[in-house]
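Biologist: I am new to this one. Can you walk me through the model?

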Amino acid sequence: MLFLDADSTPDIYDGYMRYTEICIVNGYAKNQTVWEENGRVKRLLMYVEDKPFAYLDLEDTIYPQYFTLPVDAIKAADGVDIHFRFVIEDVYPGTKYEDTCLTGLVVESMGRRSH
């Protein structure tokens with residue numbers, strides 16, 4: 001991904017919702033043993049509006065992982081929905097089960113819609 005200058009600060013009151021960060025909790029994060037027994041995601045391909053946007057390479061950890069999105073790369077005007085899709089490209093195998101788990105995935109945003 002190409003990241004823009006850190007000096008680029010969007011106008012959060014211009015009516016656009018900007019997507020800023022992705023937080024992922026990998027695997028079945030019930031406890032360390034269950035997490036190790038089940039498969040985890042190693043690489044995700046992120047699509048925005050059905051177009052490939054980025055690969056997200058995840059560490060093999062039970063702790064939350066954060067991916068900062070480039071400023072203004074994904075934004076939606078008032079009344080417009082953005083569609084995201086994530087495809088598992090590679091996995092870390094579990095010690096007991098052949099499944100692949102993901103406890104949580106949140107796409108954070110900022111800004112206000114104009115009314």
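Biologist: Is glutamine 65 buried or exposed?
Modeller: This is a predicted model, so the values are computed from it. Buried means under 20% relative accessible area. Glutamine 65 has a relative accessible area of 8%, so glutamine 65 is buried.

Biologist: Which residue's backbone nitrogen lies 2.7 Å from a polar atom of the glutamine 65 side chain?
Modeller: Set aside neighbours within four places in sequence, and glutamine 65 contacts Ile22, Cys23, Ile24, Asn26, Leu58 and Glu59. One of these supplies the backbone nitrogen at 2.7 Å: glutamate 59.

Biologist: Which residues touch the most other members of the largest nonpolar core?
Modeller: In soluble globular proteins, nonpolar side chains tend to be buried together. Here the largest nonpolar core has 15 residues. Those touching the most other members are Ile22, Ile24, Leu56, Leu58 and Ile74.

Biologist: Which elements give two or more residues to this core?
Modeller: Isoleucine 22, a member of the core, touches residues including Met46, Leu56 and Phe86. Two or more core residues come from each of strand S1 (17-26) and strand S2 (39-48).

Biologist: What share of the chain's residues is buried?
Modeller: The chain has 115 residues. The buried share of residues is 32%.

Technical notes
Residues are numbered from 1 along each chain as its sequence is written. This is a predicted model: local features need pLDDT of at least 70, side-chain atom pairs count only at pLDDT 80 or more; totals for chains, interfaces and linings use all residues. Side-chain values use heavy atoms; hydrogens and water are left out. Buried means under 20% relative accessible area, exposed over 50%, partly exposed in between (1.4 Å probe, protein chains only). A polar contact is a pair of N or O atoms within 3.5 Å; within protein, one must be able to donate a hydrogen and the other to accept it, and residues adjacent in sequence count only if both atoms are side-chain atoms. Contact means heavy atoms within 4.5 Å. A nonpolar core is a set of buried Ala, Val, Leu, Ile, Met, Phe, Trp, Tyr and Cys residues joined through side-chain atoms within 4.5 Å. Helices (H or I, at least four residues) and strands (E, at least two) are DSSP runs, numbered from the N terminus.
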